[in-house]
Amino acid sequence: MTKIDFYEVLTVSRDANDQELKTAYRKLAMQYHPDRNPDDPTAEEKFKECSEAYQVLSDPEKRAAYDRYGHAAFNGGGPGAGGNPFAGGAQDLGDIFGDLFGEMFNMGGGGGGRKASRVQRGRDLRYDLTREFEEAVFGKEKEITIRRMETCVDCKGSGAARGKAPVTCTQCGGRGQQRFQQGFFSVARTCSVCGGTGTLIVDPCQTCRGETRVQTEHSILVKVPAGVEQDTRIRYQGEGEAGKFAGPAGDLYVVLNVKAHKFFERDGDDLHCVMPISFPQAALGTELEIQTLEGEATIKIPEGTQSGKEFKLRGKGVPHLNSHGKGDLVIEIRVQTPGKLSKQQKELLRQLSETMVVENTPTSRGLFDKVKEMFT
Ligand code: ZN
Ligand code: ZN
């Protein structure tokens, strides 16, 4: 078998430099690559020829030998002791390949290639749910209706009409990527024809028009657990939007908005409110009825209660989320000074005032609080 001259194989001149060799080889390798010529058996032969030629000419030592002896340099019968100095040369083809082209041909066909992923995970959805204060404290179920994209039942998410499978994209050969030459390197871009899916729907499903999903309304029973707070997020895995091409669904997040209570404020799992009492009630002590979230309760205000004093009703607060027990109900006492008094009330207070002595001299806040504590 007569071998064609390596320079001829690569279509370069005898004084071609490294860059010219590379460019020429790359162009030919692209042209004759077996993946690109599945129906042409001679292409593979030419491809191997080019590779062999390049392997020799790109190596200065081998090129020098070839320039001197031609093919004989590599035929075992060549000059020099020990015969073929470059035995096994052609077996390194893979290495050259890897170095030169990286992943250029590492796609489709040969296995291990990057497959275009047309299946995508669906979007997460958010649903804002407003609840009454008590509903958040005690928990309650609520059915909500969400609009979301679901996998089309008619085409089962393929996007193609019944019995018509999507075809491989002719532009990218199903790889979902196109490669462009940029200098010596090739650059991958998402296929503009199939949008990276690698397939084309020639005959789209009538129901979803090839989108693979349809807009639907879906009801979900949201179980608001006892003790949730404002902005609590409840996650429903897989209840978000379906992915395209029957991809997995995203999640649904129900975000709670809790309405304010008439007088209770939450501090974690404790409830707070303010209770006004009169000066005589504070001075003499009294019993008060108070509306808790779970019915009436009685608090005992002892004699001499100061304004700002807090009373706690243990376990009358908010249930701990995800554990047993409840917070407390904290009632802050505020002694009210009357603004309007009858003549009789004024007279009584004057009489009272004459019997009570408060030292009207300035004192520091800290000291005042200490004195206040002593009296309570
Ligand atoms: Zn469909
Ligand atoms: Zn494509």
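Colleague: Where does the charged end of Lys309 sit?

Modeller: A charge sits over a ring if NZ of Lys or CZ of Arg is within 6 Å of the ring centre and within 35 degrees of the ring normal. Here the charged end of Lys309 is over the ring of Phe311, 6.0 Å from its centre. Arg233 likewise lies over the face of Tyr253, at 4.5 Å from the ring centre. This is a predicted model, where local features need pLDDT of at least 70 and side-chain atom pairs pLDDT 80 or more, while totals for chains, interfaces and linings use all residues. Residues are numbered from 1 along each chain, chains are lettered from A and ligands numbered from 1 as written, and side-chain values use heavy atoms, without hydrogens or water.

Colleague: Which residues coordinate the zinc ion (ligand 1)?

Modeller: Donors are N, O and S atoms within 2.8 Å of the metal (3.2 Å for Na, K and Ca); water is absent, so sites may look incomplete. The SG atoms of Cys152, Cys155, Cys205 and Cys208 coordinate this zinc ion at 2.3 Å, with the spacing C-x2-C-x49-C-x2-C in sequence. Their angles of 104 to 116° make the arrangement tetrahedral (four donors, all angles between 85 and 135 degrees).

Colleague: Are Cys155 and Cys205 buried or exposed?

Modeller: Both are buried (under 20% relative accessible area; exposed is over 50%, partly exposed in between; 1.4 Å probe, protein chains only).

Colleague: How many aromatic pairs are found?

Modeller: Rings of Phe, Tyr and Trp (its six-membered ring) pair if their centres lie within 6.5 Å; planes under 30 degrees apart are stacked, over 60 edge-to-face, the rest tilted. The whole structure holds four such pairs. Tyr7 and Tyr66 form a tilted one, with centres 6.2 Å apart and planes at 45°. Tyr7 is buried at 2% relative accessible area, and Tyr66 at 3%. Ring pairs join Phe6, Tyr7 and Tyr66 into a cluster.

Technical notes. Tetrahedral: all angles 85-135°; square planar, octahedral: opposite > 155°, others 65-115°.
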